[in-house]
Amino acid sequence: MAEIIKRERLVPNIHCVEIEAPEIARKCQPGQFIIVMPDEKGERIPLTVADWDRESGTVTCVFLVVGTSTHKLSFLQAGDEIPVVVGPLGRPTKIEKLNTVMVIGGCYGIGAIYPLARAYKNLGSKVLTLIDVKADYLFYWKEKFEEVSDEIFVSSRDYVYDCQGYVPQILKKILRERKQKINRVYASGCTYLLYTCAQATQPARIETIVALNPIMVDGTGMCGACRVTVGGKTKFACVDGPDFDGHQVDWEELFARRKSYFDDEIQSLCYWERKTFP
Amino acid sequence: MVEKNQLSPDVKEKLKQEYLKGWRLALRKSIPVKERMKIPRQKMPEREPEERNRDFCEVNLGLAEEAARKEAARCLDCANPQCVLGCPVRIDIPTFIKLIEKGDFIQSARKIKETNSLPAICGRVCPQESQCEALCNLKKATGVPVAIGNLERFVSDYERLHGEVYIPPPAPATGHKVAVLGAGPAGLTVAGELVKKGHQVTVFEALHVAGGVLVYGIPEFRLPKGILEAEVDYLKKLGVEFRMNFVVGLTATLDDLRQEGYEAFFIGTGAGLPNFMRIPGENLIGVYSANEYLTRVNLMRAYAFPEYDTPVFRGKRAAVIGGGNVAMDAVRTAKRLGAEEATIVYRRSRKEMPAREEEIKHAEEEGIKFHFLTAPIRYLGDDCYRVRAMECIQMELGEPDSSGRRRPVPIPGSEFTMEVDLVVVAIGQSPNPLIPQTTPELKVGKWGNVEVDWETMATSVEGVYAGGDIIRGGATVILAMGDGRIAAREIDNYLNSLENR
């Protein structure tokens, strides 16, 4: 059992949850994830760790409310307990001092790239942050990013920012217009965002690391639910990843496998809603 | 792998002492050997196939008291019992059986527990027919051995159901701390043995339920979860501490635990890495590893979806690749989840199947189909990336391979297509790499298995022992427990030796 220290709605449909987990907080590195189970009958789902406090022994994750498990998580309050919090899982992101790094995040991935940006900044790399949001008001943790970014770009579909469009257009524009080379691009968020980022950087052959998010069960390499094909080889995202070379990923397979339980997920959510809101 | 085919002198001595006790002598004389040999083997009551293949309740119902005593009377109480030799944990089989014949079921259960911490489980899942029962002298005489497994199950169930589970008084604390990594059969055995010696034992488990393969792998209809819970509860009452959701290697490394004061370690992290065949289409939706399929159903209770949140495909035409016990569990599970056709696809013939005879028989009764001498060569998907068919090739048996079984050889031109919408790949597992990866000084073999001295289960690192599937690859529950028993003895010696330094 692990105690919820705080659960907060950041922007509509996106929440962050801070969980007491001293061992995980002590070991956690950027790019790693935890597996949580919101209640005794719940599913085991992976959440990327978005922050941690080694001293107070807590980890923070950001999640999008989409299915039954994340709905359940969004109803938790401080003091509640959840039966499973395990981690830190996956290989940490490789981080070394580079001249310029671009981190790209959308949706829950905005939270997920924060510790990376911070780690690169601390190493003295120039950090360019690209945030993808549908509209201005969905950009959370803006102040946190201002502290760890040299420049912040936003791709949005409203008119608050002067850069309307989806990630690839903005990314391509930046790549075209910038004089200094970008040494590495790192992206976290929905599969489509990862795919388009990898597409955009392919022509310039910029190393592009994507944090994949396939369906998982145990998260320790035992079941193989999270198989992805990278460079023609089957990998387990939980133990070989979750970071992979975006130019090598079999995206078609990943898109399809992500939707494996599409009908079941709807059925499960309807069942939960009927029970919760009779 | 070393199978010791001799009893150690202390085991022999104990057997002899029990054999010579007065009540044993009287009981032996009470029925002549000839009469004993006439008693037919008591049949294990089972639920009807057509009833049981729709639910997850247990198939075997257990012997009744009368039948158990009758079965126990079949045992000839040999002066030189071979059965003990077949048991990896060296249960005093004649004594516990004779206690049943006498009607002293509780004492019988305690006798087993002296050497086996998990009898209700072993009574259900051990391959007795190739171990204790294979060596039974009655088998040599009549062809039909004493049903040792069924009797073991009977007394341990009796003890549990009568609420008389005996908790021995705690041994004086030695002050030594032992970390057991993995709460599977090997780890639970080590924990049980060492806590009885007065050591402080903590079991670290990555999943949220203790039991390892007993909880995620073996289905409810073969091993009800309540039985396992009771056995784990027993260990807790003995004083074993369990730390769940703790992945040694990631949550903390072996070195971290050493710094927390743990002096000895047992690695029992199992074969948690599923093997695939690496054939085209294996990543299609609807193709599962047996580990994933069974974990979803058993551990996550997908059979009760949507009450439980974890889903699983309920195929109409299910094919399970493989011929072992895991394959039998998977195919019988698919049938129970509504498959109209559930088929085993195995590359050798029925004779070479590694599954237990009882499991094969149960599967056949339940309407499972078998495609022998057949192997898949690729899977075909539909527009939505779901598996819709499987291309197979016929095999014939060639020369024996290193396992002594005849090697299957594909017959060119014999390809055919089977329509399937669910495939479970049950062709074995490899050792889980997490601890070897994060403990560089640990010596690892060709298959990723942790290397040990088979006499002592000691690894290349001082104070670190290992057993079960992490050293063997995919094996059995009882072999894991046998390893655990040896490791526990050696860890105890090791800890005592620390004091003399």
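Biologist: Let's begin where the chains meet: how many residue pairs are in polar contact across the interface of chain B and chain A?
Modeller: Keep in mind that this is a predicted model. The rule finds 22 residue pairs in polar contact across the interface of chain B and chain A, counting pairs with both residues at pLDDT 80 or more. On the chain B side, β5 (273-274), β6 (287-289), α16 (290-299) and α19 (434-438) each supply at least two of the residues that touch chain A. Of these, α16(B) gives the most, with four residues. Sorted by class, the side of chain B that touches chain A has 24 nonpolar, twelve polar and nine charged residues.

Biologist: And how many residues of each chain are in contact?
Modeller: On chain B there are 45, and they meet 45 residues of chain A. Together the two chains bury about 3700 Å², with 55% of that area on carbon and sulfur atoms.

Biologist: How many salt bridges does the rule find across this interface?
Modeller: Five of them lie across the interface of chain B and chain A. One salt bridge joins Lys41(A) to Glu307(B), with 2.4 Å between the closest N and O atoms. Over all chains, the count by this rule comes to 60 salt bridges.

Biologist: How should I read a salt bridge inside one chain?
Modeller: Look at the distance, then at where the partners sit. Lys361(B) and Glu365(B) form a salt bridge whose closest N and O atoms are 3.8 Å apart. Both residues belong to helix α18 of chain B and are four residues apart, about one turn of the helix. Lys361(B) is partly exposed at 32% relative accessibility, and Glu365(B) is partly exposed at 30%.

Biologist: What about Arg47(B): is Arg47(B) buried or exposed?
Modeller: Arg47(B) has a relative accessible area of 12%, so Arg47(B) is buried. Its salt-bridge partner is Glu51(B), with the closest N and O atoms 3.0 Å apart. Glu51(B) counts as partly exposed, at 44% relative accessibility.

Biologist: Next, cysteines. How many disulfides does the structure hold?
Modeller: Zero, over all chains. Here the sulfur-to-sulfur distance is what to check. For Cys190(A), the closest cysteine sulfur is in Cys107(A), and at 6.7 Å it is too far for a bond. Cys190(A) is partly exposed, with a relative accessible area of 35%. Cys57(B) is also partly exposed, at 45%.

Biologist: Finally, how do I read a covered helix? How many residues of helix α6 of chain A are buried?
Modeller: Count the buried residues, then ask what covers them. Helix α6 (residues 191-201) of chain A has eight of its eleven residues buried, making the helix mostly covered. Among the buried residues are Leu193(A), Leu194(A), Cys197(A) and Ala198(A). Their cover includes the strands β8 (100-106), β9 (126-132), β11 (184-188) and β12 (207-211) of chain A, along with the helices α5 (167-177) and α8 (251-258).

Note on methods
Residues are numbered from 1 along each chain as its sequence is written. Chains are lettered from A and ligands numbered from 1 in the order in which they are written. This is a predicted model: local features need pLDDT of at least 70, side-chain atom pairs count only at pLDDT 80 or more; totals for chains, interfaces and linings use all residues. Side-chain values use heavy atoms; hydrogens and water are left out. Contact means heavy atoms within 4.5 Å. Buried area is the accessible area (1.4 Å probe) that two parts lose on being put together, summed over both. A salt bridge is a side-chain nitrogen of Lys or Arg within 4 Å of a carboxyl oxygen of Asp or Glu. A polar contact is a pair of N or O atoms within 3.5 Å; within protein, one must be able to donate a hydrogen and the other to accept it, and residues adjacent in sequence count only if both atoms are side-chain atoms. Ala, Val, Leu, Ile, Met, Phe, Trp, Tyr, Cys and Pro count as nonpolar, Asp, Glu, Lys and Arg as charged, and the others, Gly among them, as polar. A disulfide is a pair of cysteine sulfur atoms within 2.5 Å. Buried means under 20% relative accessible area, exposed over 50%, partly exposed in between (1.4 Å probe, protein chains only).
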